[in-house]
Amino acid sequence: MQLTTLFSMQRELDAFIQQNRDKQTDVFLEKGLALLVELAELANETRCFKFWSQKGPSEETVILEEYVDSIHFLLSLGIEKELDTLSDWPEGEVEGNLTQLFLKTTAVIHRFLNELTMEAYQEIWIHYGAIAKKLGFTNEDIIKAYIAKNEENYERQKTGY
């Protein structure tokens, strides 16, 4: 999947958010934590780890929206560290069930936040690709949901979210 357009859209949204804020501070760690929180919210909506509950996962649209919430922060982190030269979603295999994928993805996010290398950044994308595959999301699903959420994020900023 091409990431160039998504990076461009995210760069514009980040600039819009930044220009409407009083403080011009480094928010890299806040974005890193936000990515981890969004990943946890995604896991929560899938309910993959809730062995004690018989309730099923949330609707696919809810899960997809949580997924692209993460993608916003993943793109933004890459932009912050000038890793937005990544033009295509890196491919790779990550084995495991959904719970294992969430745990592995958490670990690679922590690695990236400590190393700040392109290799570590690409590893996050590979893990997010494995999660998308496990959830049955196509590239088209992700792009359409990202664009819709991007528009929603602009509206939220305009209304004082």
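A helix here is a DSSP run of type H or I with at least four residues, and helices are numbered from the N terminus. Keep that in mind as you look around this model, which is a predicted one.

**Helix H3 and what follows**

Let's start with H3, which runs over residues 60-80. Its 21 residues should span 30 Å at 1.5 Å a residue, and because the end C-alpha atoms are 30 Å apart, the two values agree. Just after H3 you'll find glutamate 82, with a positive phi of about 55°.

**Positive phi values**

Here's some background: most residues other than glycine have a negative phi.

| Residue | Phi | Where |
|---|---|---|
| Glutamate 82 | about 55° | just after H3 |

Leucine 116, at 35%, is partly exposed.

**H3 against H5**

Now look at how H3 sits against H5. Two packed helices are described by the angle between their axes and the distance between the axes. For H3 and H5, the angle is about 170° and the axes are 12 Å apart. That makes H3 roughly antiparallel to H5, because angles over 145 degrees count that way.

Which residues meet there? On the H3 side they include Ile63, Tyr67, Ile71 and Leu74, and on the H5 side Tyr121, Ile124, Trp125 and Tyr128 are among them. Sorted by type, the residues of this contact come out as 12 nonpolar, three polar and no charged.

**The nonpolar core**

Some of those names come back when you look at the largest nonpolar core, which has 43 residues. Tyr67, Ile71, Phe112, Trp125 and Tyr128 have the most contacts inside this core. Helix H1 (4-19), H2, H3, H4, H5 and helix H6 (139-158) each give two or more residues to it.

What does phenylalanine 112 contact, leaving aside its neighbours within four places in sequence? The list is Phe28, Leu77, Leu83, Thr117, Ala120, Tyr121 and Ile124.

Definitions and conventions
Residues numbered from 1 in each chain as written. Predicted model: local features only at pLDDT ≥ 70, side-chain atom pairs only at ≥ 80, totals over all residues. Heavy atoms only, no water. Buried < 20%, exposed > 50% of the residue type's maximum accessible area, 1.4 Å probe, protein only. Core = buried A, V, L, I, M, F, W, Y, C linked by side-chain atoms within 4.5 Å. Contact = heavy atoms within 4.5 Å. Axes fitted to C-alpha atoms, helices over the stretch in contact; angles between N-to-C directions. Parallel < 35°, antiparallel > 145°, perpendicular 65-115°, else oblique. Nonpolar A, V, L, I, M, F, W, Y, C, P; charged D, E, K, R; others polar. Expected span 1.5 Å × (residues − 1).
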